[in-house]
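Biologist: Hi! Could you walk me through this fold while I have it open?
Modeller: Happy to, just ask away.
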Amino acid sequence: MINFSQVNKWYGDYHALVDVTAGVKKGEVVVVCGPSGSGKSTLIRTVNRLEEIQSGDLEFDGRKVSGPMGSKELNHLRSHIGFVFQSFNLFPHMSVAENVMFSPVRLRGMPKAQAREKAMALLERVGLANKAESYPAQLSGGQQQRVAIARALAMEPPAMLFDEPTSALDPEMVGEVLAVMRGLANDGMTMMCVTHEMNFAREVADRVWFMDAGQILETADPQTFFSQPRHPRAQRFLCDLRSH
C-alpha cells in the first residue's frame, strides 16, 4: 500500500531522511517510533506530500506519488489518504457534523442529505453521534481528535496516517482516541502511526519501525522489538523508556 525506496529529504544542510526503504502492506498496522527529532513525522508527511522528498521513490496504492504532480493529481492523492494530525485541525466555524460532511460534499459532490447520513454513521462509530451539532470549541481534546478521525474516514480512504494523534491530549483523553484507532485496526484498515504510545504499539501493531537520525534502524514485530531489540540505539531507547 505504501512503499518507500531510497527516500532522502534535506532541510538545507540537515539530512532529515536518509535512504529510507520500507513498505506498509495492505491491512497492516505499522507503528513508527523513536526519539524526538528522529524523522518520524517527516517520514509520514511525505506520503501525502505535506513534505517533499529530494530523491528516491514513493508509491501509494500502486501509484508513484513522488516526482512532478499537478494540483489536481495532488488533491486526488490526498483525498485517498486519511491523515490525522496532532492538533486536530477542525474548522472552528462548522459544527461537528459539518466538519465530517465537508470533504464528501466539496470534493466528491455528494448530496448533503447523503453526506449527513454518512457523517452520523461515522460519528456513531467514534462514539460522538450526540455531539453532531456541537462546535469544536465545545469539545474536549479527545473528542475533537475523534471527530478528526471521523472526518478522515468520510472519504473512505484505503489507508490512514496518524501523526502523533495523542501527544496534544491530556492523559485521561488518550485512551478514548487509542480505542478508536484500535477499532480501525481490528476492521483491517491499513495504518501508519507515529506515536509515543508504546502499549498501543505492543498491542495493535503488526510491525514496529524504529527510527533515529533520519534512518529506520530496525523493523520487527512488536514482541521481538520489545523483548529482543537488535540495534544498540533501539536497546537504549527502550531502556530509557523503562527507566522513566
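Biologist: Great. In what order do the four strands of the open sheet come?
Modeller: This is a predicted model. In it the order is β2-β1-β4-β5, with antiparallel pairing.
Biologist: And which strands stand at the edges?
Modeller: Those are β2, residues 14-24, and β5, residues 63-64. Each has a single partner strand, so one side of each is left without a neighbour in the sheet.
Biologist: How many bridges pair β4 with β5?
Modeller: Two bridges, in the antiparallel sense, with β4 covering residues 55-60.
Biologist: Nice. Which helix packs on the sheet?
Modeller: Helix α1, residues 40-47. Helix α1 touches β1 (2-11), β2 and β4, and its direction makes about 120° with that of β1.
Biologist: Switching topic: at what angle do the axes of α4 and α5 cross?
Modeller: Roughly 135°, and the axes come within 9 Å. For your selections, α4 is residues 112-125 and α5 is residues 141-153. That angle makes α4 oblique to α5.
Biologist: Left-handed or right-handed crossing?
Modeller: Right-handed, as α4 passes α5.
Biologist: Which residues meet there?
Modeller: From α4 you have L122, L123 and R125, and they meet V147, A150 and L153 in α5.
Biologist: What does that contact look like by class?
Modeller: The contact of α4 with α5 has five nonpolar residues and one charged residue, with no polar ones.
Biologist: Thanks, that helps!

Key: Residues numbered from 1 in each chain as written. Predicted model: local features only at pLDDT ≥ 70, side-chain atom pairs only at ≥ 80, totals over all residues. Heavy atoms only, no water. Pairing = 2+ DSSP bridges. Contact = heavy atoms within 4.5 Å. Axes fitted to C-alpha atoms, helices over the stretch in contact; angles between N-to-C directions. Parallel < 35°, antiparallel > 145°, perpendicular 65-115°, else oblique. Left-handed = near helix turned anticlockwise from the far one by under 90°. Nonpolar A, V, L, I, M, F, W, Y, C, P; charged D, E, K, R; others polar.
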